[in-house]
Amino acid sequence: MSQENVEIVLRGVAALNRGDPEAFNAVCDARIELHLVGAIGEPVTYAGRDGVFEFFRDMGESWAEWGFEVERTRDLDQHVLITGRQHGRGRASGIEVDSPRAAVLAVRDGAVTELRYFTEPADALKAVGLEE
């Protein structure tokens, strides 16, 4: 089951990178919670299928290009840890971003129920009780 969870998460990342909220929602539970980090480090939360559409809309308004390149996945039973690089180009500023990031995704009954995003990969490891 756990390899299946990794595959579900990777399908979600692929949908994110295509800018496809319908495909992203297809791998998520209807009550998905996205716990993200805003432009100045503030916590940002989106909830439910409508929240996913709002997230994609907000990202499209802020970023001319954006995505997440997965470098490593780690199966943690009912969670999947992904580490990689966030890349993008600001819509208004034109500034390019390429930074290490990580996320912990909870997967239950074949669907992502929660995504917690971290600007510091070490913080994601700590959140799941691991060290670098």
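How many nonpolar, polar and charged residues does the lining of the largest pocket have? The legends below begin with that pocket.

Figure 1. By class, the lining has 24 nonpolar, 7 polar and 3 charged residues. In this count, Ala, Val, Leu, Ile, Met, Phe, Trp, Tyr, Cys and Pro are nonpolar, Asp, Glu, Lys and Arg are charged, and the others, Gly among them, are polar. Two or more lining residues come from each of α1 (2–18), β1 (28–37), β2 (43–47), α3 (48–62), β3 (63–76), β4 (79–90), β5 (96–108) and β6 (111–118). Helices (H or I, at least four residues) and strands (E, at least two) are DSSP runs, numbered from the N terminus.

The model is predicted: local features need pLDDT of at least 70 and side-chain atom pairs count only at pLDDT 80 or more, whereas totals for chains, interfaces and linings use all residues. Residues are numbered from 1 along each chain as its sequence is written, and side-chain values use heavy atoms, with hydrogens and water left out.

**Figure 2. Aromatic pairs around Phe55.** The structure holds 6 aromatic pairs. One of them, formed by Tyr46 and Phe55, is edge-to-face, with 5.6 Å from centre to centre and 70 degrees between the planes. Rings of Phe, Tyr and Trp (its six-membered ring) are paired if their centres lie within 6.5 Å; planes under 30 degrees apart count as stacked, over 60 as edge-to-face and the rest as tilted. Tyr46 has a relative accessible area of 10% and is therefore buried; Phe55, at 9%, is buried as well. The cut-offs are under 20% relative accessible area for buried and over 50% for exposed, with partly exposed in between (1.4 Å probe, protein chains only). Ring pairs join Phe24, Tyr46, Phe55, Phe56 and Trp66 into a cluster. Apart from residues up to four places away in sequence, Phe55 touches Leu16, Leu34, Leu36, Tyr46 and Trp66, where contact means heavy atoms within 4.5 Å.

**Figure 3. The largest nonpolar core and a second, separate core.** Among the 28 residues of the largest core, Val9, Phe24, Leu34, Phe55, Ile82 and Val112 touch the most other members. Elements α1, β1, α3, β3, β4, β5 and β6 each give two or more residues to this core, and the largest share, 6 residues, comes from α1. The second core has 6 residues, including Ala102, Val104, Phe118 and Leu125. A nonpolar core is a set of buried Ala, Val, Leu, Ile, Met, Phe, Trp, Tyr and Cys residues joined through side-chain atoms within 4.5 Å.

**Figure 4. Positive phi at Asp77 and Asp109.** Most residues other than glycine have a negative phi. Asp77, in the loop between β3 and β4, has a positive phi of about 70 degrees. With a relative accessible area of 56%, Asp77 is exposed. Asp109 lies in the loop between β5 and β6, and its phi is positive, near 50 degrees. The relative accessibility of Asp109 is 80%, so this residue counts as exposed.

Figure 5. Leu76 is placed in strand β3 and is partly exposed, at 24% relative accessible area. Asn25 belongs to helix α2 (residues 21–26) and is buried, at 5% relative accessibility.

**Figure 6. Position of Thr45 in strand β2.** Contacts of Thr45, leaving aside neighbours within four places in sequence, are with Leu34 and His35. The C-alpha atoms of Thr45 and Arg116 are 9.5 Å apart in space, and the two residues are 71 residues apart in sequence.
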